[in-house]
Amino acid sequence: MTYKVTDEGDTSTVFLDGEIDMDKTEGAKEVIFPLIDAGKNVNLNLSNVQYMDSSGISVLIESHQKALEKGTKLIVKDVSKSVLKVIMMAKLEQILNLE
Amino acid sequence: MNTEVADPTNLSEKKDFLVRSSSLKDVRSFSREVFEKFKIDENLREELVLAIAEAAQNIVKHAYKDYPDTQDRMAVRISCTGKELEIAFFDKGKPVEESKVKHRPIDDVKPGGLGTFFIQEIMDSIKFKEGDKPWINNLVLTKKL
């Protein structure tokens, strides 16, 4: 997994890449969580993530809940069809902020 | 990768992997190669890959929870009769206590506890068996095609 972060005002956009599984989740958290802790709104761009398993879904849930706790917002953007299928299987499409 | 049976209506392939989270990508690659070879419906392939990867992940996370540096290997066997797909997992980790294998309530949204739910959603049956020596655990998943 590779990632890129861009900043605009109080919003950071994190572009993740590749396949997100148990082996990659710590890396994803290390990028996303400090931004939320710093009070940033986070756009998580998943357009280049073609596979995500339950560990990756857990990162989305944890990030979403952390943002709520901190009074910021996590938006999950440009989700690929294959990842959306997994999000829907987990019945999270009404919980997460998807755009 | 070893093809055990050449008959196109009764195919079986098996491969073993080091029990590590870093092996999960190899498990997925193996599964995708086999599904391509078995000509499994493309619409089914990625969800089957997810079920297989979740089961392999459970071996790493639970059967080998206390042994992150193990040199043990787990094996995955994918068999297809034409009408049914059978996916078998073999490991030498801690014996599975079937009564403890459950997913979290799906409406109780919190991190974790989804892998088994995904497997149940995707597959038609899940059976835990004792493995024949040298294996300890043998999980068998089936899906009608």
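## Ground rules

Because the model is predicted, local features need pLDDT of at least 70 and side-chain atom pairs count only at pLDDT 80 or more, while totals for chains, interfaces and linings use all residues. Residues are numbered from 1 along each chain as its sequence is written, and chains are lettered from A and ligands numbered from 1 in the order in which they are written.

Helices (H or I, at least four residues) and strands (E, at least two) are DSSP runs, numbered from the N terminus.

## Two helices in chain A

Let's start with α1 (residues 25-37) and α2 (residues 54-70) of chain A: their axes come within 10 Å and cross at roughly 10 degrees. The axes here are lines fitted to C-alpha atoms over the stretch in contact, with angles running from 0 to 180 degrees between N-to-C directions.

Which residues meet? On the α1(A) side they include A:Ile32, A:Phe33 and A:Ile36, and on the α2(A) side they include A:Val59, A:Ser63 and A:Ala67. Contact means C-beta atoms, placed from the backbone, within 7 Å. By class, this helix contact has 6 nonpolar, 4 polar and 4 charged residues. For the classes, Ala, Val, Leu, Ile, Met, Phe, Trp, Tyr, Cys and Pro are nonpolar, Asp, Glu, Lys and Arg are charged, and the others, Gly among them, are polar.

## Where the chains touch

Between the chains, 18 residues of chain B are in contact with 16 residues of chain A. On the chain B side, α1, α2 and α3 (115-122) each give two or more residues. The largest share, 5 residues, comes from α2(B). Sorted by class, that side of chain B has 8 nonpolar, 5 polar and 5 charged residues.

Most residues other than glycine have a negative phi, and most peptide bonds are trans. A:Asp78 isn't a glycine, yet has a positive phi of about 50 degrees. A:Asp78 sits in the loop between β4 (74-77) and α3 (81-89) of chain A, and counts as partly exposed, with 15 C-beta neighbours inside 10 Å. The cut-offs are 20 or more other C-beta atoms within 10 Å for buried, 12 or fewer for exposed, and partly exposed in between.

Over in chain B, B:Lys39 also isn't a glycine and has a positive phi of about 55 degrees. B:Lys39 lies in the loop between α1 (24-37) and α2 (42-63) of chain B. The peptide bond from B:Lys133 to B:Pro134 is cis, with omega near 10 degrees, and B:Pro134 is in the loop between β5 (125-130) and β6 (137-144) of chain B.

Conventions
Contact = placed C-beta atoms within 7 Å.
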